[in-house]
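Here are some questions and answers to read beside the structure. Take them in order, with the picture open.

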Amino acid sequence: MYTPQKDDFNFIAERNLDVDENFASQGYWKGVAVHFLRNKFAVTGVILVSIIIFFALFAPVVSSYNYDEIVSVTNSSGKEFIAKSLGPQIGASESQDFFADRTFLFGTDDMGRDLWTRTWQGARVSLIIAFVAILIDMIVGTSYGLISGYFGGLVDNALQRFIEIAGSIPTLVIISILAIFMEKGIGLVIASLLLTEWIGMSKIARAECLKLKEREYVLASRTLGAGNFHIIFKQILPNAIGPIITQVMFSIPVAIFTEAFLSFVGVGIVLPQCSIGSLIEAGFNNITILPYQILPPISVLALLMLGFNLIGDGFREALAPKLEDM
Amino acid sequence: MKKIFTLLMICALLLVTGCGGDDNSSGDKKLSVMLSSNVVSLDTAQCTDSASFEVIGDCIDGLMQLDADGRAVPAIAESFDLSEDGKTYTFHLRDAKWANGDDVTADDFVFAWRRHCQKAGEYSYIMGNTVACVKNADAVIKGADPTTLGVSAPDAKTFVVELDAPVSFFPSLMAFPTFYPINEKFYGTLSENSYGTSPETFLSNGAFALSSYIPGAANIQLKKNDNYWNATKVALDGFQYQVVSSSDNALTSFKNGTLNVVGIGGNQVEHVQKDAELSKNLKTFLSGYLYYLSFNQDPKNHHAGALANVNLRLAISNAIDRESLVNNYVMNGAKATYTAVPIEFAPNAKTGKFFAEDQKQFADVINFDVSKAQEFLTAAKSELGKDEFELNLIFSNEGDSTSKIVQALKSQLESNLPGVKINLQPMPKAEYLSNVTSNNYDLALVDWTPDYNDPMTFLTLWTTSGCEIAEHWSNADYDKIIEDCTTGSLAEDYDARWEALYDAEKILLDNAVIAPLYTDANSVLISPNVKGIEFHSVGIDRVYKNAKLK
Amino acid sequence: MTKYITKRIFMSALTLFIIIFVLFVLIRIMPGDPFSVERMSAEMILQKREELGLNKPILVQFVDYLSLLASGSFGNGTSLYNGAPIKPILTTCLMNSFKIGVLSILFGTAVGLTIGIVAALNRGKFLDGLCTLVSILGVCIPSYVFMIFLQYTFAYKIPFFPYFFDPSKFLTSAVMPAMSLSLFAISTIARFTRNEMLEVLNSDYVKLAEAKGLYGFELIRKHVLRNALIPIVTVIAPLVVDLLTGAMVIEKIYGINGVGKLMVDAIAGQGVDYNYVLALGIVFSALYIGAMLVLDILYGIIDPRIRLTAKEGF
């Protein structure tokens with residue numbers, strides 16, 4: 001009878017212990033991509049978001065006005081005229097008033113600033129918020145959920161009790177408390193997202209982790225001596241990425257909404273900076289007499305939301321093709 | 001499962017319809033008036049805002065009231081006598097009744113005044129030695145026995161007030177809500193802190209009584225008080241207030257007839273002025289609110305120590321284009337102001353001329369003159385040895401116009417004064433106030449409401465011991481003048497006091513302690529079928545006793 | 001079963017207690033002071049602080065507050081409405097919000113379910129696309145924007161509904177806020193219903209039923225809806241609480257005395273009223289926890305599997 005020696009359990013050769021990701025995932029992701037691209041809604045979403053990102057990046061740079069610049073001229077007798085509350089116009093040379101030769105695609109606001117520039121500047125803020133939401137979801141939410149699900153037992157229990165408590169305080173209350181002692185601005189918006197956004201994601205990540213940690217390949221990897229964190233982030237995470245991305249796509253709109261809401265009630269962005277929410281708020285104050293002021297920010301917000309939601313839906317369907325096959 | 005769900009649905013439906021069943025829409029026309037902010041409190045010892053004052057004024061009559069022209073005329077007091085030394089007022093009350101049928105007695109006044117001092121609310125200061133000078137008021141506010149307050153009721157219909165010093169405007173002060181009576185017997189039946197929180201816990205002796213109200217109500221209903229002493233003169237059967245915070249909503253609700261009286265802001269005023277039909281209903285008048293920039297001179301203030309330099313302050317004050325501010329951003333008829341006392345406020349009792357009639361009198365230190373401002377700035381730069389000044393401007397983020405003003409200020413100051421940078425810091429009112437009172441700011445946009453019709457309501461702000469909004473500025477000459485004018489040697493000599501107040505104002509503006517910006521205005525749309533609403537710039541803004549709806 | 005319910009109730013109570021503690025401590029240690037007002041001197045403020053017991057150690061204050069809660073009161077406000085007792089005001093506001101919330105949930109559930117079912121039954125066809133689009137639009141437009149639009153169109157241009165909330169005409173004035181609030185519920189429920197329905201439609205027992213010859217409405221009602229509806233309840237319960245707290249802007253625009261408006265007033269009104277923020281925070285959290293508790297218990301009754309897995313969870 002052969003008695004196993006210690007040497008038998010050593011690796012024969014030094015080799016990368018990672019699963020062969022290329023082979024394992026290519027087919028899957030290719031399928032996902034095909035499904036996704038076949039979905040007209042999803043593609044529309046991608047196009048919408050890309051257009052908005054494009055304008056947000058370049059429109060304020062190219063524009064001849066600064067977003068906080070009050071456009072004014074002083075006439076010969078020294079009286080100052082401000083281009084305030086002008087409707088959308090394209091510059092034409094011959095006309096009666098001072099600003100006829102200027103182009104204001106979305107008009108100007110009641111401070112005399114170009115709304116075209118301000119709208120895209122505002123869209124920038126919304127997009128920044130979107131990326132912060134992605135980061136928070138990916139880093140905080142995912143790790144929290146995976147760790148909780150993977151270790152189980154006491155750790156899971158403690159982490160879940162914490163979530164239960166944190167999740168039972170409505171977002172509004174948390175924001176209110178923050179708003180009392182934090183300085184207004186994008187920092188407050190990000191802080192409130194930090195405190196509330198990741199909870200949904202961590203639940204999804206935990207559920208995925210509970211499902212995946214019983215799989216054979218995890219067991220195999222553990223027997224081969226992989227550490228806990230290696231298993232969590234190298235073995236489980238890549239396989240749970242589908243539902244996680246879907247969740248991210250849906251939490252972006254929530255984050256953008258939160259910012260718009262906070263700015264609308266006046267604890268968000270600080271003037272003269274602007275965000276979609278603060279522009280909507282400014283437009284709302286003049287909605288019946290200067291309706292063109294509220295239309296651009298609302299449209300951009302709605303299209304951005306639509307885009308991200310369509311992408312999210314597209315991902316979900318592409319990642320769960322069983323629905324497709326019915 | 002389905003059963004539970006159906007059951008829940010039925011319960012919910014019952015709940016919703018059951019509560020909505022009380023449809024008693026009277027259908028007939030009712031005067032509906034806009035309030036731009038919530039009523040804070042109906043307790044005269046605690047209210048602080050114009051909305052509360054207005055509703056209290058509808059429901060309770062004080063000793064005196066202001067007539068349409070702002071003169072003090074008798075209300076609950078039929079007449080009063082003044083002692084030789086001007087320090088004792090004896091009011092003779094008429095036969096007035098509370099809404100529950102009780103007589104309004106002098107004891108109700110004694111009770112209310114003592115209670116106000118004892119409660120030490122925000123407005124209790126008005127009883128004290130800077131304003132009304134009621135004997136011992138300051139001591140009682142600080143916790144002394146309330147019975148030592150200088151008020152007494154020799155009989156049910158005689159109310160006597162003793163003062164520490166003669167106060168020329170005392171009768172008109174009596175129209176201010178802090179001096180209103182409270183029915184002691186009724187008050188005694190209420191549980192603690194519940195006075196004035198519902199129609200049941202509030203008793204009126206004035207033209208109207210509450211019929212629907214809760215604290216913070218968006219809609220307040222008033223009905224005529226049949227027990228009012230002058231009830232025959234009151235034409236309205238009742239009216240309602242609606243709290244509307246957006247000026248655009250206000251305009252729309254006026255256009256579609258929901259509200260009869262609304263206040264509107266800048267853009268809406270401009271819109272109405274262009275509309276021939278609507279503009280007939282527009283009424284614009286100065287409100288007596290002074291907007292000014294306060295400079296924090298505390299040398300310890302970490303990056304505004306520079307503001308202790310008078311040239312920097314003068315530079316800022318002279319770099320502001322107040323006319324542009326008013327015409328382009330406030331736009332409601334407000335007037336650019338170059339004095340520390342607002343325009344069309346505090347008329348001289350003898351000449352009738354307003355205190356701040358001459359806006360040019362301090363033109364050498366406060367004006368819009370960019371080159372002069374830059375000279376001041378250069379001087380400041382060399383004195384301080386600094387080229388860059390970064391200043392935080394704090395303001396309370398209520399209302400659309402405030403945010404526009406500060407943005408315009410930032411733009412003007414930064415373009416007219418090279419090297420000056422302004423950071424805007426909006427905050428809720430409470431936080432703003434705590435920063436202002438704890439000297440934690442560089443520049444602050446302040447709006448101050450006059451409490452009584454005398455320049456002193458503004459000038460006492462800047463004394464060393466003055467109000468909590470401290471610029472950290474102290475000037476012995478200034479303090480001396482103010483003290484002489486309130487309780488000192490000049491209190492009895494009207495003309496000398498008036499002149500001395502100009503001297504005080506000059507000291508203030510020469511040192512650029514503040515930069516006055518503008519006197520705010522109210523723009524009000526009134527339906528053509530509404531007549532007889534009286535508007536005041538002090539105390540109670542609007543009075544409906546004589547209003548009629550056709 | 002009894003053991004499960006007792007355990008859930010105990011856990012909920014414990015969670016609520018911890019939340020009360022956390023909120024209380026957070027609010028008390030925050031910078032700022034309830035008495036930052038214009039016309040008060042430092043001495044007067046000190047005197048007031050003493051009266052309200054704000055100078056005691058924080059744990060003593062907490063015990064005081066708990067005994068206050070136990071006596072069924074939330075105490076008095078500090079700055080808002082000048083120290084009036086909180087409870088009656090809170091109750092009134094809560095009732096207003098609750099009634100509108102219930103209306104919008106009813107409306108949202110009805111419309112959402114219909115859209116979801118129609119979409120699932122017409123999977124892949126034009127109607128499905130239309131329903132999906134409608135349900136997505138619901139999450140694209142903030143409810144207050146929709147409210148502004150409704151108010152402008154149906155109260156100003158076509159004056160059919162009251163321009164401001166009028167408590168004496170509850171039903172007509174509740175329609176617009178309830179509709180705009182239900183927007184989010186509609187799309188959430190519609191999406192969820194569609195997915196659940198598809199899953200059930202694809203399940204073996206429905207296929208078996210079909211094989212037995214059951215079809216059409218009968219099949220949908222008896223087998224599909226019944227099973228698809230259970231998980232939908234999970235979405236509705238938290239939505240109710242969201243609606244209560246999420247109507248802030250709408251209440252402000254339309255002039256409703258609701259908890260949202262109360263919250264705005266408590267933060268940004270005459271000064272931060274710490275006691276109101278605390279009371280509202282506790283009430284909101286309690287509602288949420290309560291909703292979750294009821295949901296779990298109902299679930300436990302309906303579906304024994306959950307009881308079992310829940311046991312493992314603890």
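Two strands pair if DSSP finds at least two bridges between them, and helices (H or I, at least four residues) and strands (E, at least two) are DSSP runs numbered from the N terminus. This is a predicted model, in which local features need pLDDT of at least 70 and side-chain atom pairs count only at pLDDT 80 or more, while totals for chains, interfaces and linings use all residues. Residues are numbered from 1 along each chain as its sequence is written, and chains are lettered from A and ligands numbered from 1 in the order in which they are written.

Q: Over how many bridges do β11(B) and strand β17 of chain B pair?
A: Look for residues 261–264 and 514–526 of chain B, which form β11(B) and β17(B). Gly263(B) sits opposite Val524(B) there. The two strands pair in the antiparallel sense, and the count of bridges is 4.

Q: Which strands stand at the edges of the open sheet of 4 strands in chain B?
A: Its order is β4-β5-β7-β6, with antiparallel pairing. An edge strand here has a single partner, so one side of it is left without a neighbour in the sheet. That picks out β4 (77–82) and β6 (151–155) of chain B.

Q: At about what angle does helix α3 of chain B run to β6(B)?
A: Axes are lines fitted to C-alpha atoms, for helices over the stretch in contact, and angles run from 0 to 180 degrees between N-to-C directions. Helix α3 (residues 106–119) of chain B lies across β5, β6 and β7 of chain B. Its angle to β6(B) is about 165°.

Q: Which element gives the largest share of the side of chain B that touches chain A?
A: Residues are in contact if their C-beta atoms, placed from the backbone, lie within 7 Å. On that basis 19 residues of chain B meet 19 residues of chain A. Elements giving two or more residues on the chain B side include α7 (247–255) and β15 (420–427). The largest share, 5 residues, comes from α13(B).

Q: How far apart are the C-alpha centres of domain 1 and domain 2 of chain B?
A: Domain bounds come from an automatic or database domain assignment, which gives domain 1 (37–242) and domain 2 (288–521) in chain B. Their contact takes 15 residues from domain 1 and 11 residues from domain 2. The centres lie apart by 33 Å.

Q: What distance separates the end C-alpha atoms of helix α1 of chain C?
A: The expected span is 1.5 Å times one less than the number of residues. For the 28 residues of α1(C), 2–29, that should be 40 Å. The distance in the model agrees, at 41 Å.

Terms used. Contact = placed C-beta atoms within 7 Å.
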